[in-house]
Amino acid sequence: MKLTFRWYGEKDSIPLKHIAQIPGMTGVVTAVYDVPVGEAWGEKSLHRLKTLCKEHNLDMEVIESIPVHEDVKMGCGDRDKYIDNYCGNIELVARHGVKCVCYNFMPVFDWLRTDMYHKNADGSTSLSYSREDFEKVDPNNLHLPGWDESYTPDELRGLLAAYGKISHEKLFENLVYFLKRVIPVCEKVGVNMAIHPDDPPWDVFGLPRIVSCEADLDKIFAAVPSERNGLTFCTGSFGAGRKNDLVGMAGKYARQGRIHFAHLRNVLWTDESDSFCETGHLSKDGSLDMAAIVKALVKGGFDGYVRPDHGRNIWSEDGKPGYGLYDRALGAAYINGLFEAVEKSV
Ligand code: DNO
C-alpha cells in the first residue's frame, strides 16, 4: 500500500514538513481549492501544489476531490458543460502525475454530522451523529454543523426542492451518464476514479443516496465495467451502516481490483438506532475490526493508496474537525503496523 495524508493546500494549518515526518508517508491527497465547483482547474494552481509536495519529497498522486456539480447529479442545466470541464480536469491532473481521483455523488451534503466537537471520556473531541439530534433539525430552516458557511438557508431550500423530483433511479442514471463520459478519458490518461461512499450511508432529508452498500456498488460496476471505475473504500462511511459487512466487502472489491483508495478509520455505534461517534483508529476503540479489514484488503490483492481518515482532536490541538495532525498521525502509525503485520504473514 502507499500511505498518504490529506492536505488542504497552503491554507491547511498543517505544514507539509510535518506530514513528511510521519513514518512511512509517501504523499499527500489534495485538490485545487480556488475554483468554484464544476469549473476548469488552473494549471498554475496544480503545478504549485505539485512543486510544494516535491520540495518535501511527497508525491501528489491522489486528488480528493474533483467535486461534481449539482447539475450533473440532477441531470439538468449545464451538465454537459460541467462534464466536459470534469474531463478536462482529469486530463490536467494526469499530466501532473495523478493516478487516482476520489469523488462523490451525494446530493448537496458530502457528509453529515450532528456534532463536530463531541466530547469523549478522555477529553478529546470528535465528530458524531445522533439520530435524536438529527430528528430535531428542521429541513425548512437548516442549520447543520460544518455546512452553514456553504449554503444560505434559501439556497438550501432551493436545492432540497429541486431534488424532490430526483428518485434513486434517476440519480443512478445520472451517475452512469457521467461515468460513461468520464471513464473513457480515464482509460486514455491512466487515472482511476474512486467513488466515495455516502456518509452516513442512508438517505438524509429525503435526498436520495446511491453508494451506501454492496448492492449499490455492484450496480455501479455492472453499469460501467471498466476497472478504472472503482471506489474509495471508506471504512467509517460504510461502517456507520450496521448491515454492511466491511470485511466481506474489502475482500470482494480488492479481488475485483476496484479499490483504488482506502480511507481507514473507526466508528463506535452509540445506541440501538444509527447514532455513531468517530473514535481513534484502533479496533478496540470502535465497532469495526480494523485488523480483519486490512487483512481482507491485503489477501484480496489490494496494493493501492491508503490514508488515515478523521482523527480526534487530542493533546489540545485545535485542528479542523477530523483533520488535525496528531490523531491522524497516530492513525497512520497504526495503519503501518497493521499492514506490515499482515503483509509479512500472508
Ligand atoms: C470527509 C471526506 C469527504 C470526501 C468526499 C470525496 O471527511 O471523506 O468529504 O472527501 O466525499 O468526494
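Lys119 has Thr125 as its bridge partner in strand S6. Strands here are DSSP runs of E with at least two residues, helices are runs of H or I with at least four residues, and both are numbered from the N terminus. Strand S5 (residues 115–119) and strand S6 (residues 125–129) pair in the antiparallel sense over 3 bridges; two strands count as paired if DSSP finds at least two bridges between them. The hairpin of S5 and S6 has 5 residues between the strands, and Gly123 in this hairpin takes a positive phi near 90 degrees.

The model is predicted: local features need pLDDT of at least 70, side-chain atom pairs count only at pLDDT 80 or more, and totals for chains, interfaces and linings use all residues. Residues are numbered from 1 along each chain as its sequence is written, and side-chain values use heavy atoms, with hydrogens and water left out.

**Barrel and packing helices**

A closed barrel of 8 strands with parallel pairing runs S1-S2-S3-S4-S7-S8-S9-S12. From one strand to the next, the twist averages 30 degrees. Axes are lines fitted to C-alpha atoms, for helices over the stretch in contact, and angles run from 0 to 180 degrees between N-to-C directions. Strand S1 (residues 2–6) pairs with S12 in the parallel sense over 2 bridges, and Leu3 stands opposite Val306 in S12.

Helix H10 packs on the sheet and touches strand S8 (229–234) and S9, its direction making about 150 degrees with that of S8. Helix H12 lies across S1, S9 and S12 and runs at about 135 degrees to S12. Contact means heavy atoms within 4.5 Å.

**Salt bridges**

The count comes to 29 salt bridges, where a salt bridge is a side-chain nitrogen of Lys or Arg within 4 Å of a carboxyl oxygen of Asp or Glu. Three of these pairs are listed below.

| Pair | Closest N to O distance |
|---|---|
| Glu214 and Lys252 | 2.8 Å |
| Arg265 and Glu278 | 3.3 Å |

Glu214 and Lys252 meet in a salt bridge. This pair links distant parts of the chain, with Glu214 in helix H8 (residues 214–223) and Lys252 in helix H10 (residues 246–255), 38 residues apart. Glu214 is partly exposed at 28% relative accessibility; buried means under 20% relative accessible area, exposed over 50%, and partly exposed in between (1.4 Å probe, protein chains only).

Arg265 forms its salt bridge with Glu278. Arg265 lies in the loop between strand S9 (259–264) and strand S10 (267–269), and Glu278 is in strand S11 (residues 276–278), so the pair ties together parts 13 residues apart in sequence. Arg265 is buried at 0% relative accessible area, and Glu278 is buried at 2%.

Asp327 belongs to helix H12 (residues 326–345), while Arg312 is in the loop between strand S12 (305–308) and H12, 15 residues apart. Asp327 is buried at 2% relative accessibility, and Arg312 is buried at 15%. Salt bridges that share partners join Arg6, Glu64, Arg113, Asp199, Arg265, Glu278, Arg307 and Asp309 into one network.

**Backbone exceptions**

Most residues other than glycine have a negative phi, and most peptide bonds are trans. The bond from Glu64 to Ser65 is cis, with omega near -5 degrees; Ser65 lies in the loop between strand S3 (59–64) and helix H3 (70–74). The bond from Asp199 to Pro200 is also cis, with omega near 0 degrees, and Pro200 lies in the loop between strand S7 (192–195) and H8.

Asn57 is not a glycine but has a positive phi of about 60 degrees. Asn57 sits in the loop between helix H2 (43–55) and S3 and is exposed at 70% relative accessibility. Val108, also not a glycine, has a positive phi of about 65 degrees. Val108 is in the loop between S4 and S5 and is buried at 3% relative accessible area.

**Cysteines**

The whole structure has 0 disulfides, a disulfide being a pair of cysteine sulfur atoms within 2.5 Å. The sulfur of Cys234 is 8.5 Å from its closest cysteine sulfur, in Cys102, which is too far for a bond. Cys234 is buried, with a relative accessible area of 0%.
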